[in-house]
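Let's take a walk through this protein, from its overall fold down to a few single residues. Have the structure open as you read.

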Amino acid sequence: MSPNPKQWFKFDTSLFDEWIPKLPAEAGILLCVIVRKTYGEGKTEATLTVAQVTKMTGMKERSVQRNMASLLKSGAPVKMVGRDNHGA
């Protein structure tokens, strides 16, 4: 039985090969969520709120914020474009 193509996506694995070993585990999970919401939906960028990421990862709000800061500090290919009470 072939997998449902809507449940799979392709991306450049060098992204994971380069960044996952450099990141704390929860920041790596956050990177996976970002990849899922971009490449997984056929996009090159996506806007995510802390609430969305909290729901997708099971992390607490503060943990999402702390790990987003780790991603940004690491130089991983992510950026913060805005921030409010619910934004990352």
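A residue counts as buried when its relative accessible area is under 20%. Asn67 has a relative accessible area of 5%, so Asn67 is buried. Please keep in mind that the model is predicted.

**A buried asparagine**

Asn67 is part of helix α4. Which residues is Asn67 in contact with, leaving aside its neighbours within four places in sequence? They are Glu26, Ala27, Leu30 and Met59.

**The overall fold**

Stepping back, the protein has four helices and zero strands. Along the sequence, that reads as the pattern α-α-α-α. The protein has 88 residues, and buried residues make up 28% of them. The accessible surface of the protein comes to about 6400 Å², and carbon and sulfur atoms hold 54% of that surface. Among the contacts in the protein with a separation of 6 or more, 53% are accounted for by residues 24 or more positions apart.

**The nonpolar core**

In soluble globular proteins, nonpolar side chains tend to be buried together. Here, the largest nonpolar core holds 18 residues. Within this core, Leu31, Ile34 and Leu71 touch the most other members. At least two residues of the core come from each of α1 (14–19), α2 (25–38), α3 (50–57) and α4 (61–74). α2 gives the largest share, with six residues.

Not counting residues up to four places away in sequence, Ile34 touches Leu48, Met68, Leu71 and Val78.

Val78 is found in the segment after α4. Is Val78 buried or exposed? Its relative accessibility is 16%, so Val78 counts as buried. Again setting aside residues up to four places away in sequence, Val78 touches Leu31, Ile34, Met68, Leu71 and Leu72. Val78 and Met68 are ten residues apart in sequence, and their C-alpha atoms are 9.0 Å apart in space.

**How the helices pack**

| Helix pair | Angle | Axis separation |
|---|---|---|
| α2 and α3 | about 110° | 10 Å |
| α3 and α4 | about 105° | 9 Å |

What does the angle say about α3 and α4? With an angle of about 105°, α3 is roughly perpendicular to α4, because angles of 65 to 115 degrees count that way. On the α3 side, the contact is made by Val50, Val53, Thr54 and Thr57, while α4 brings Glu61, Val64 and Gln65. By class, the contact of α3 with α4 has three nonpolar, three polar and one charged residues.

Turning to the other pair, the angle of about 110° falls in that range as well, so α2 and α3 are roughly perpendicular to each other. From α2, the residues making this contact are Ile29, Leu30, Val33, Arg36 and Lys37. From α3, they are Val53, Met56 and Thr57. The residues of the contact of α2 with α3 divide into five nonpolar, one polar and two charged.

Key:
Residues numbered from 1 in each chain as written. Predicted model: local features only at pLDDT ≥ 70, side-chain atom pairs only at ≥ 80, totals over all residues. Heavy atoms only, no water. Core = buried A, V, L, I, M, F, W, Y, C linked by side-chain atoms within 4.5 Å. Buried < 20%, exposed > 50% of the residue type's maximum accessible area, 1.4 Å probe, protein only. Contact = heavy atoms within 4.5 Å. Axes fitted to C-alpha atoms, helices over the stretch in contact; angles between N-to-C directions. Parallel < 35°, antiparallel > 145°, perpendicular 65-115°, else oblique. Nonpolar A, V, L, I, M, F, W, Y, C, P; charged D, E, K, R; others polar. Areas by Shrake-Rupley, 256 points an atom, 1.4 Å probe, with all protein chains shown as cover.
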